[in-house]
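Subject: A structure to look through

Hello,

I am handing over the structure I mentioned, and I hope you enjoy looking through it. My notes follow below it.

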Amino acid sequence: MNIYIEGLLKRYEKTVLNIEKLNIESGKVTAILGLNGSGKTTLLECIANIKNKDEGKIYYDGIEDFERVKNKIAIMQQRPYIFNMSALDNIVLGLKYEGLDEKSINKRIEKYKEYYNLDFLHKNAKKLSGGETAKVALLRVAVLERPLLLLDEPTANMDIESTLMTEKLIKDINKKNKTTIVIVTHDLFQAQRLADLVIFMDKGKVIEYSLKDEFFSNPKNDLVKKFLKRSDKND
Amino acid sequence: MEILKIVITSLYVSLTATFIASFFALVFGMFFLTKQFKLKDLFIKLFDSFTAMPPVLMGLLVFLLLSKNGPLGKYNLLFTPFAMILAQTLLVFPIIFTLMVKQIDKNALRIQKTCYMLGGRYKDFLTLILKECKNEIMTAVTSGFSRAISEVGAVMMVGGNIKGYTRVMTTFIALETSKGNFKGAVLVGVILLCISFIVNAILYNLKGREPNEYLY
């Protein structure tokens, strides 16, 4: 699914998300980088219509009416709401809403079992650890297999092994289903490993948007240059 | 026998009033929790201030409403259990409503957005919020019932404390105390206390154990 944003304005905290034009390519993985408060999450939530925009237009495959495309978009929020039921029930909830029968649901779940050790599936989801909760939230949106997947720091609470498996899962979803994936991350290396395109945001604006290789080897914006240099030193 | 009748009347009036008030609190609560409109905060503050309404004042309002010259006077409802139920319903509705809205408000929008994002409809959202906020709802209902069963001013005014008809535990205690029959008053007082404990224990058990929510 292609996303085209035009004249987007959204006031948040003390800043204004202000995006003149932005085209998120269909079938690609796009990483959004930026410092805290730069508008990454607000942008993602505006795309998912969780936050109402103050001005501007967002087109989903050329369609502006969100109601017509809402069932083609899934978002994993930074602090996902996990329901007071088993982890498995949380994961299959969306599939039940879509009217899938038990056999199809089981078949769908099986596809995702190779990525994680899911021995917590029958535990109450509210009693899970941070990493397990993140896996439930991610699987809950992944199993829906919608054309647009928006992920807000999906690996923030995961250990290294789970992070790598999550990245494999994201790549596989993108390859197998041609899903457009937009991922907000603070991890430069994750963006390097996962993304086809990288967006860098600062104070509510997109200050760099380019192919991954170009972004890391030849950034145009001075702030991005500084940011990459600093992370090279820290490495 | 008289005491049994008093206990039954008390439970009938207070449980019915709590049930009706809870039903309307839930319906209005869902509307307030899921819709954003200009005067929302003002309405919630208004209902909040009604929680402190003195029962005798509510009794007076219902009395005026149902008395011979009042708008509903022709139905002869004054000094009946109906009048007592009406007074208690109006008294406990703001308590249940504001407690419910305040407690659920922090999660309602998140539940709604998550449910709709997953493809759920309004009925799915209602099912989810009732399950997710069962504890908060039961807490509000329990508070409403506690207020109803222990209330004396309003039921005395609109019920009339008629023996065998509208006499409830609280009005019986007030009457027997004024007559100097402390033995009867204390006995019914103990029964009232036990019933309050039992009903609250049942409602508490209905809430179930709350799992430790993991926040990050």
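Which residue in E6(A) is the bridge partner of Ile73(A)? It is Leu148(A). Before I go on from there, a word on conventions.

Residues are numbered from 1 along each chain as its sequence is written, chains are lettered from A and ligands numbered from 1 in the order in which they are written. This is a predicted model, where local features need pLDDT of at least 70, side-chain atom pairs count only at pLDDT 80 or more, and totals for chains, interfaces and linings use all residues. Helices (H or I, at least four residues) and strands (E, at least two) are DSSP runs, numbered from the N terminus.

**The sheet in chain A**

Chain A has an open sheet of 6 strands in the order E5-E6-E7-E3-E8-E9, with mixed pairing. Two strands count as paired if DSSP finds at least two bridges between them. At the edges are strand E5 (73–76) and strand E9 (205–211) of chain A, each pairing on one side only. From one strand to the next, the twist averages 15 degrees (axes are lines fitted to C-alpha atoms, for helices over the stretch in contact, and angles run from 0 to 180 degrees between N-to-C directions).

Together with helix H6 (residues 160–177) of chain A, E6(A) and E7(A) make a right-handed β-α-β unit; right-handed means that, with the strands pointing away from the viewer, the path from the first strand over the helix to the second runs clockwise.

Is E6(A) covered on its faces or open? Both faces are covered, with Leu148(A), Leu150(A) and Asp152(A) buried on one side and Leu149(A) and Leu151(A) buried on the other. A residue is buried if 20 or more other C-beta atoms lie within 10 Å of its own, exposed if 12 or fewer, and partly exposed in between, with C-beta atoms placed from the backbone.

**Two backbone angles to look at**

Glu153(A) lies in the loop between E6 and H6 of chain A. Its phi is positive, about 45 degrees, although Glu153(A) is not a glycine. Glu153(A) counts as buried because it has 20 C-beta neighbours inside 10 Å.

Asp61(A), also not a glycine, has a positive phi of about 50 degrees. Asp61(A) is in the loop between strand E4 (55–60) and helix H2 (66–69) of chain A, and it counts as partly exposed because it has 15 C-beta neighbours inside 10 Å.

**Where chain A meets chain B**

Contact here means that the C-beta atoms of two residues, placed from the backbone, lie within 7 Å. By that rule, 19 residues of chain A are in contact with 17 residues of chain B. On the chain A side, E5, helix H3 (87–97) and helix H5 (130–142) give two or more residues each. The largest share, 3 residues, comes from H3(A).

**Confidence**

The model scores ipTM 0.87 and pTM 0.81. Chain B averages a pLDDT of 90, and 95% of its residues score at least 70; pLDDT is the predictor's confidence in each residue, from 0 to 100. Please treat residues 211–216 of chain B separately, where pLDDT stays under 50.

Best wishes
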